[in-house]
Amino acid sequence: MVLDLVIIGLVIALLPLTVVAFILILGARQGLWKGLAFIAGWVACLVAVIAVVVLVTGGKPPAPHTAPSTAALVVKALLGALLIWVGLRQRKRMGRPRKEPGWMARLDHLSPWAAAGLGVFLQPWSLVAAGAATVVQASLSTAGDWLALVVFCLLATSSFLVMELYAAFAPAAAAVRFDQIHKWINTHQDQAIVVGALAVGAWLLGHSLYAIVAA
């Protein structure tokens, strides 16, 4: 469970679209406050998803070789297949011009509440669902599993936290670096999505199928 959550959390943190969105939020008027609101909405959404899963399982992972544990593995396998499909689809579309989402042009007029809502709206739900399917295996009776859940939330939010702190303590240097990152992502976004989706999808699919067969 821990390795799966670490991988999923890191991929969530490095998604090109959300990184660019956060850079643009920080560059808007009152960007630091809007960035904090975005992070609050983002974390609240992750915590809510985890809380729902924990409430459903009662903090006790289903016993191995049972229908619930197999169902969780099947869900992860399907999500892995979905990510592979996304990667292959994005590979076919590489080089095509991309249209910027309309909300990106309205960030200056975005309220902190709207920024928090954007933190929920921009969640990569396929990866969040994969994380939720993994959390099914968490046991709240062990400190290690509690720590794994906390680490997952921190990893999934780490890129935003780093950028927020950088912008707060070194705004001039941060603006220059964020502009460089933005330009790099615009150039390499398709490749990053393809590699990330295929790699994580293959891991989830292969790992889940192996666990199902081994069971």
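This is a chat about how a few labels on the structure above were reached.

Colleague: What kind of model is this, and what goes into the values?

Modeller: It's a predicted model, where local features need pLDDT of at least 70, side-chain atom pairs count only at pLDDT 80 or more, and totals for chains, interfaces and linings use all residues. Residues are numbered from 1 along each chain as its sequence is written, and side-chain values use heavy atoms, with hydrogens and water left out.

Colleague: Why are H2 and H8 called roughly antiparallel?

Modeller: Helix H2 (residues 16–27) and helix H8 (residues 171–214) pack at an angle of about 160 degrees, with axes 9 Å apart. Angles run from 0 to 180 degrees between N-to-C directions, and axes are lines fitted to C-alpha atoms, for helices over the stretch in contact. Under 35 degrees counts as roughly parallel, over 145 as roughly antiparallel, 65 to 115 as roughly perpendicular and the rest as oblique. H2 and H8 are therefore roughly antiparallel.

Colleague: Which residues make that contact?

Modeller: From H2, they are Pro16, Val19, Val20, Ile23, Leu24 and Leu26, and from H8, Phe178, Ile181, His182, Ile185, Gln189, Ala192 and Ile193. Contact here means heavy atoms within 4.5 Å. By class, the H2 contact with H8 has 11 nonpolar, two polar and no charged residues.

Colleague: How do you know which way H1 and H6 run relative to each other?

Modeller: Helix H1 (residues 2–13) and helix H6 (residues 125–135) pack at about 160 degrees, their axes 10 Å apart. That makes H1 roughly antiparallel to H6. Asp4, Leu5, Ile8, Val11 and Ile12 in H1 meet residues of H6 including Leu127 and Val128. The contact of H1 with H6 divides into eight nonpolar, two polar and one charged.

Colleague: What makes Cys45 buried or exposed?

Modeller: Buried means under 20% relative accessible area, exposed over 50%, and partly exposed in between (1.4 Å probe, protein chains only). Cys45 has 11% relative accessibility, so Cys45 counts as buried. Cys153 sits at 13%, so Cys153 is buried too.

Colleague: How many disulfides are there?

Modeller: The rule asks for a pair of cysteine sulfur atoms within 2.5 Å, and the count comes to zero disulfides.

Terms used
Helix = DSSP H or I, 4+ residues; strand = E, 2+ residues; numbered from the N terminus. Nonpolar A, V, L, I, M, F, W, Y, C, P; charged D, E, K, R; others polar.
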